[in-house]
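Here is a short tour of one protein model. Keep the sequence and the 3D view open as you read.

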Amino acid sequence: MESRREMRVPGEGTILAVETSCDETSAAVLTGERELRGHVIFSQDAHRLYGGVVPEIASRAHLRALDDVVAEALREAGVTLADIDLFAATAGPGLIGALLVGLTWTKSAAWARDRPVIGIHHMEGHLFAAELEDAGAAPPFVALLVSGGHTLLVHVEAWGRYRLLGRTRDDAAGEAFDKAAKILGLPYPGGPAIERAAASGDPDRHPLPRPMLAGRSPEAPAYFAFSFSGLKTALRTRIGEMGDRVPADEVPHLAASFQAAAVEVLAEKTARAVRLTGCRRVVLGGGVARNRSLQEEIRDRIGPEGRLFVPSARLATDNAAMIARAARFRMSADGAAGWDLSARADLPFPGLFS
Ligand code: KG4
Ligand code: ZN
C-alpha cells in the first residue's frame, strides 16, 4: 500500500479523470501534460424542466451515464483501463451525491487495477483549463474563475500558490446570470440565454448598478470583492416599475443592461488585479468565461500589453480534461491519496491563501 502512495506519475504516464460535481458527466484520458487523447462530456438535460440543477436527479443521471462516458473516452484514446497509470476524480466542491458517484467509481477502478488515485478540487481544475490548449497560460497570471457556484479573482504565483484577491459575498457570477434569466423568462442555463438576448438589446436603456465598484483604493475592503445579489434585485425592481410582467420587446434591452453591469464589474476588478500585481497575463475559467462581451471588455481594459487566455467553450464549462491536467500537477506536488479519500461538498481550495 505504501509503495502505491509513493508512486509518481512520470511526465508520460496516462491519467483517467472523471468529473461529476454538478450536471456534466465527463471523463478524459491525458498522456503527458497536454496530450488529450480522449474526452467526453455528457450534459444532463433533465434539469431544464426545473430551471436549475436538481441534486437527486443529477446523482442518478451520473450513475446511469458514467460507465458509458468512461468507455467512450477510453475508446477515443485507444486505451483500456489496464493502460491507466493514475486515476483522478473531482473530490469537491459540488453536489455531494453527484461527487460521490464519480469519486467512488474512480476509487473502485483504481483499487481493482492496483493503481494510485487522487482527488482534485474542482476550481483548481478550472485554473488549468486554458493551459491545456495554450502552454502560455502558465503562472504567474491573474485568474478570474466565474462559474455557477464560484466567483474568484486569484493571483496564481505558481501552480499550487494561489493568492486570493477577491470573491463574491453572495451570488456567484453564473448564478446571477441564471437568476436574471429566470426573472426575464429565459431558459436555463441563463448565461447563454442572456448573451443571445442581449445581442439585439441596448445596454444603456435600463441603467443598473455596478455593485462594489466604488472603493477605488486597494486598501478598501471591497476593492476586489464581488456582490451580485443587489444587481438581481435592481433588475426585478426595474421590471416592477414597468408593470407586472416583463414586456417581451424589453427583454433584449433588460438582458443587455444586466450583462453590461455584471461584465463591467468583473472586467474592472480583473483590470485592478493586473495593475496591482503587475502581472499582464489573465486566464479565464468557468462557464461565464464563454461570455464574449466579458472577454472583449477584459481585453479592452488590460490593453495591448496584456494577454488574455480563454479556454475553448468545451474546456471553459465543467469537464474532466481540466481535472486530469490538475491531477498531473497534484500528483507531482503531493503524491497519491490514501483509500480514505472522500468527497466533500465544501472542499477547501488547496494552495489558496490571502
Ligand atoms: O463552470 P460551469 O460549467 O459549472 C459550474 O461549475 O458551475 O458554469 C456554469 C455557469 C452557469 O451559471 C451558466 O449560466 C454560465 O456558466 N454560463 C454563462 C455563459 N455560458 C455559461 N454565463 C454568461 N455567459 C455565457 N455565455
Ligand atoms: Zn465548474
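## Glutamate 250

Glutamate 250 sits in the loop between helix 7 and helix 8 (251–277). Helices here are DSSP runs of H or I with at least four residues, strands are runs of E with at least two, and both are numbered from the N terminus. Is glutamate 250 buried or exposed? With a relative accessibility of 14%, glutamate 250 counts as buried. Buried means under 20% relative accessible area, exposed means over 50%, and partly exposed is in between, using a 1.4 Å probe and protein chains only.

Which residues does glutamate 250 touch? Leaving out residues up to four places away in sequence, they are Arg205, His206 and Met242. A contact means heavy atoms within 4.5 Å.

## About the model

This is a predicted model: local features need pLDDT of at least 70, side-chain atom pairs count only at pLDDT 80 or more, and totals for chains, interfaces and linings use all residues. Residues are numbered from 1 along each chain as its sequence is written, chains are lettered from A and ligands numbered from 1 in the order in which they are written, and side-chain values use heavy atoms, with hydrogens and water left out.

## The whole protein

The protein has 11 helices and 11 strands. Its radius of gyration is 21 Å, close to the 20 Å that the globule rule gives for 354 residues, so the protein is as compact as a globular protein of that length. The radius is taken over C-alpha atoms, and the rule is 2.2 Å times the number of residues to the power 0.38. Along the principal axes, the C-alpha atoms fill a box of roughly 65 × 45 × 30 Å.

Of the 354 residues, 55% are buried. Take the contacts with a separation of 6 or more: 74% of them are between residues 24 or more positions apart. The accessible surface comes to about 14600 Å², and 51% of it belongs to carbon and sulfur atoms. Such areas come from the Shrake-Rupley method with a 1.4 Å probe; for residues, only the protein chains shown count as cover.

Now the charges. There are 41 positive and 44 negative ones, and their mean positions are 2 Å apart. Lys and Arg count as positive, Asp and Glu as negative, while His and the chain ends are not counted. Each charge is placed at NZ of Lys, CZ of Arg, CG of Asp or CD of Glu.

## Helix 11

Helix 11 covers residues 321–334, which is 14 residues. From first C-alpha to last, helix 11 reaches 20 Å, close to the 20 Å expected at 1.5 Å a residue. The expected span is 1.5 Å times one less than the number of residues. In helix 11, 11 of the 14 residues are buried, so the helix is largely enclosed by the rest of the structure. Among the buried ones are Ala321, Phe329 and Met331. Glycine 335 follows helix 11, and its phi is positive, near 80°.

Look at alanine 324, which lies in helix 11. Alanine 324 is buried, with a relative accessible area of 0%. Not counting residues up to four places away in sequence, alanine 324 touches Ile15, Ala17 and Leu30. Alanine 193 is 131 residues from alanine 324 along the chain, and their C-alpha atoms are separated by 30 Å.

Aspartate 134 lies in the loop between helix 4 and strand 6. At 28% relative accessibility, aspartate 134 counts as partly exposed. Aspartate 134 touches Arg307 and Phe309, not counting residues up to four places away in sequence. Aspartate 134 and alanine 321 are 187 residues apart in sequence, but 14 Å apart in space, C-alpha to C-alpha.

Proline 140 also lies in the loop between helix 4 (122–133) and strand 6 (141–146). A cis peptide bond joins proline 139 and proline 140, with omega about 0°. Another cis bond runs from tyrosine 188 to proline 189, with omega near -5°. Proline 189 is in the loop between helix 5 (173–183) and helix 6 (190–198).

## Positive phi without glycine

Aspartate 114 is not a glycine, yet its phi is positive, about 55°. Aspartate 114 lies in the loop between helix 3 (96–113) and strand 5 (117–121). Its relative accessible area is 44%, partly exposed.

Methionine 212 has a positive phi too, near 70°. Methionine 212 is in the loop between helix 6 and helix 7 (229–241). With a relative accessible area of 22%, methionine 212 is partly exposed.
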